[in-house]
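Work through the following exercises with the sequence and the coordinates at hand. Try each task before reading its solution.

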Amino acid sequence: MKLAIRALLLLSVGSTSIFSGAQARPFPGPDVQQIYQRLLPQIEKIPAFDHHAHPGFADDPDVDAMAAPPNASEALRTRDDNPELAAAAKAMFGYPYSDLSPEHTKWLIDKKAEVKKKNPGTAYFDMVLDKVNIESSVANRAMMPDYLNPKRFPWVFFADSFLWPFNNERETARNGDQGVFIPLQEKMLHRWMQQENVSKLPATFADYLKFISQVLEDNKNNKGGIAMKFEVAYFRPTTFSDPSRTQVEDLYQRYVSGGIPAEREYRTFQDFIFRYLVQEGGRLHLPVHIHSAVGVGDYFNLSQSNIMNLESVLRDPRYTSTTFVMIHGGYPLEREAIWLAAMKNVYLDSSYGEMAQYPSAFKETLKQWLETFPDKITFGTDCFPYNQVLGTEESYWLGAESSRIALAAALAEMISEGEIGEARALELAHAYLHDNAVKLYEGRVQ
Ligand SMILES: [Zn+2]
């Protein structure tokens with residue numbers, strides 16, 4: 001029996017089509033470690049496309065359109081005392097210490113300044129990408145800085161601020177998190193107005209919609225934007241009603257020049273604008289990225305903002321020409337979330353899952369996704385310049401390393417359990433790390 005299986009395995013070597021092995025087994029065999037050791041170096045060599053990241057320096061306020069509320073709780077691995085960060089600093093900068101004590105981290109801060117000086121302009125972050133073998137990385141930022149090379153850092157801009165044009169006093173006062181988030185949305189809307197030379201909000205609703213479309217088109221055609229991103233789950237529930245245009249037109253007329261809309265009225269208005277943006281994403285070939293996981297801030301309401309609330313939008317036949325990327329893959333509801341990728345226009349990005357979880361758990365996430373819709377999942381690090389010590393550089397490294405390790409482990413188990421062969425496993429690795437995401441942008445990214 002064993003020999004027969006081995007013969008079938010040998011037959012499958014070199015085949016890139018469906019593995020013609022025996023029936024799948026429920027446990028990996030004793031070869032699983034060996035397969036893992038064989039796969040990992042091959043997977044490390046695959047140049048990746050990072051589908052969700054916030055690259056930049058720690059003192060750059062444009063790395064995100066919002067900010068973390070002060071004293072927000074952090075999951076264990078994402079705290080800045082994670083000892084793995086010393087390994088990250090070692091890999092990136094030759095950090096000679098195994099802890100992150102203040103005396104030691106001074107070495108790191110000085111070293112980064114020195115490397116930055118030797119690599120002026122866009123060279124510094126190009127070098128960071130080279131070190132982690134990422135060919136290109138999305139820059140999901142408020143605006144783009146001149147120190148990121150646009151060829152390797154395609155821009156994903158934020159679209160939420162169009163939902164907040166009225167007096168936001170009541171929304172801002174709801175809790176400490178909203179007190180931080182909502183004023184930043186107002187600021188972002190103001191920046192879009194400046195960009196388009198609009199001094200005040202248009203008087204009519206039709207012109208407001210025109211203004212929104214103008215920003216989208218400008219961002220795409222003149223500023224290198226490849227997609228729009230929503231982090232709406234931070235600000236309000238992600239269930240969207242389907243109001244009529246007349247209803248919303250009336251709300252706009254009533255509140256555009258003052259007055260505080262009732263919560264229900266504001267939501268109704270936002271529901272329409274959200275759907276308008278989704279439709280525009282289809283018309284303009286701008287994929288729509290949506291934050292779909294837990295989020296920073298202690299008031300983040302997971303039951304009101306979980307990914308499954310979006311199911312009625314994602315499965316709406318009116319939006320089949322819009323490509324959706326569910327950023328963070330619905331974590332911690334990623335097991336349910338993968339079934340949303342049954343829709344041909346819906347993709348799941350795994351970023352943050354690889355940081356919130358250690359590789360042993362993240363491996364299970366990837367394995368279940370690879371076993372369900374492997375052609376619909378994409379890699380991302382969600383890197384962010386947390387502070388001068390834990391910078392974009394270290395978080396790129398930790399995100400990329402964790403993802404590659406978990407990927408090699410998931411595929412090794414699948415091979416050892418007789419689900420797929422090694423050639424197919426490497427195809428799946430390329431698809432997840434690079435090809436699936438790149439295909440979405442119709443030649444605009446590499
Ligand atoms: Zn992010």
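Predicted model: local features only at pLDDT ≥ 70, side-chain atom pairs only at ≥ 80, totals over all residues.

**Exercise 1.** Describe how helix α9 packs against helix α10, giving the geometry and then the residues in contact.

*Solution.* Begin with the general principle that a pair of packed helices is described by the angle between the two axes and by the distance between them. Helix α9 covers residues 245-255 and helix α10 covers residues 263-283, and their axes lie 9 Å apart at an angle of about 120°. Angles of 65 to 115 degrees count as roughly perpendicular and those over 145 as roughly antiparallel, and α9 and α10 are therefore oblique to each other. The handedness comes next: α9 and α10 cross in a left-handed sense. On the α9 side the contact involves R245, Q247, V248, L251, Y252, R254 and Y255, which meet E265, T268, F269 and F272 of α10. Sorted by class, the residues of this contact between α9 and α10 comprise 6 nonpolar, 2 polar and 3 charged.

**Exercise 2.** Carry out the corresponding analysis for helix α8 and α10.

*Solution.* Helix α8, residues 205-221, has an axis that comes within 11 Å of the axis of α10, and the two cross at roughly 40°. Because angles count as roughly parallel under 35 degrees, this value makes α8 oblique to α10. The crossing of α8 and α10 is right-handed. From α8 the contact draws on F205, Y208, L209, I212, S213, L216 and E217, and from α10 on F269, F272, I273, Y276, L277, E280 and R283. In terms of class, the contact of α8 with α10 consists of 10 nonpolar, 1 polar and 3 charged residues. A comparison of the residue lists shows F269 and F272 of α10 in the contact with α9 and also in the contact with α8.

**Exercise 3.** Which residues coordinate the zinc ion, and through which atoms?

*Solution.* The zinc ion is coordinated by H52 through NE2, by H54 through NE2 and by D382 through OD, at 2.1 to 2.2 Å. Along the chain, these donors follow the spacing H-x1-H-x327-D.

Technical notes
Residues numbered from 1 in each chain as written. Heavy atoms only, no water. Axes fitted to C-alpha atoms, helices over the stretch in contact; angles between N-to-C directions. Helix = DSSP H or I, 4+ residues; strand = E, 2+ residues; numbered from the N terminus. Left-handed = near helix turned anticlockwise from the far one by under 90°. Contact = heavy atoms within 4.5 Å. Nonpolar A, V, L, I, M, F, W, Y, C, P; charged D, E, K, R; others polar. Donors = N, O, S within 2.8 Å, 3.2 Å for Na, K, Ca; no water.
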